Amino acid sequence: MGSEKDNLDLFMTHRQRLVDYATTILGSATQSEDVVQEAWIRFSGAADPGALREPLRYLFRIVRNIVVDGHRAQVSRGRYLVAAATPETTLSRPDDRPAPEAEILHRQQLAIVQEALAELPPRTRHAVELHRLEGLKTREVAERLGISVTRTHTLIAEGVAHCRRRLKSPG
């Protein structure tokens, strides 16, 4: 049960972990910074954040909820735009297939990610595959691997970060 200063200290101490967590979900550090700032605004505006038993866990939940809400809004906007399409606009829409150059680039990126995954320790690779490729929740991955949710989150974050570094590294 902390004061406003304790909660601010907690936030500042774990801010980078929150950003990293949001980045693993969003894939964008810039958007993640915005999400974490929004999470802090919501957290600090809560009726009595000092009364929370697990304020850090609550912050992580707020971050996740903001990301999920944003994704839902994006999907909803997409549905609205599709529903509003007329036969004329549907017929004149450009082909949805990527350009050949983009397809080649995506195949090259996929090969790099596959190589990066192969470089990971087996447990880290398995955690990333279960979470990112099979769509299991972190808790489900933790149960499958027989480790804590915190350790699972760390493995996934490390694995995804490794793949991103490999994608960004030249040649």
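This is a predicted model: local features need pLDDT of at least 70, side-chain atom pairs count only at pLDDT 80 or more; totals for chains, interfaces and linings use all residues.
Residues are numbered from 1 along each chain as its sequence is written, and side-chain values use heavy atoms, with hydrogens and water left out. Local features need pLDDT of at least 70 and side-chain atom pairs count only at pLDDT 80 or more, while totals for chains, interfaces and linings use all residues.

**Largest pocket**
- The volume comes to about 1200 Å³ (the space filled by probe spheres set on grid points joined across faces, edges and corners).
- A pocket here is an open set of points on a 1 Å grid over the protein atoms alone where a 1.4 Å probe fits, with protein on both sides within 12 Å along at least five of seven lines; lining residues have an atom within 4 Å of a point.
- Of its 30 lining residues, Tyr-21, Ile-25, Phe-60, Arg-64 and Thr-138 sit nearest the centre.
- The lining splits into 13 nonpolar, 10 polar and 7 charged residues (Asp, Glu, Lys and Arg are charged; Ala, Val, Leu, Ile, Met, Phe, Trp, Tyr, Cys and Pro nonpolar; the others, Gly among them, polar).
- Domain 1 (1-63) and domain 2 (99-170) both give lining residues, so this pocket lies between them (bounds come from an automatic or database domain assignment).

**Second largest pocket**
- This one has a volume of about 330 Å³.
- It's lined by 16 residues, with Asp-20, Thr-23, Thr-24, Ala-157 and Ala-161 nearest the centre.
- α1 and α8 are the elements giving two or more residues to this lining, and α8 gives the most, with 8.

Note on methods
Helices (H or I, at least four residues) and strands (E, at least two) are DSSP runs, numbered from the N terminus.
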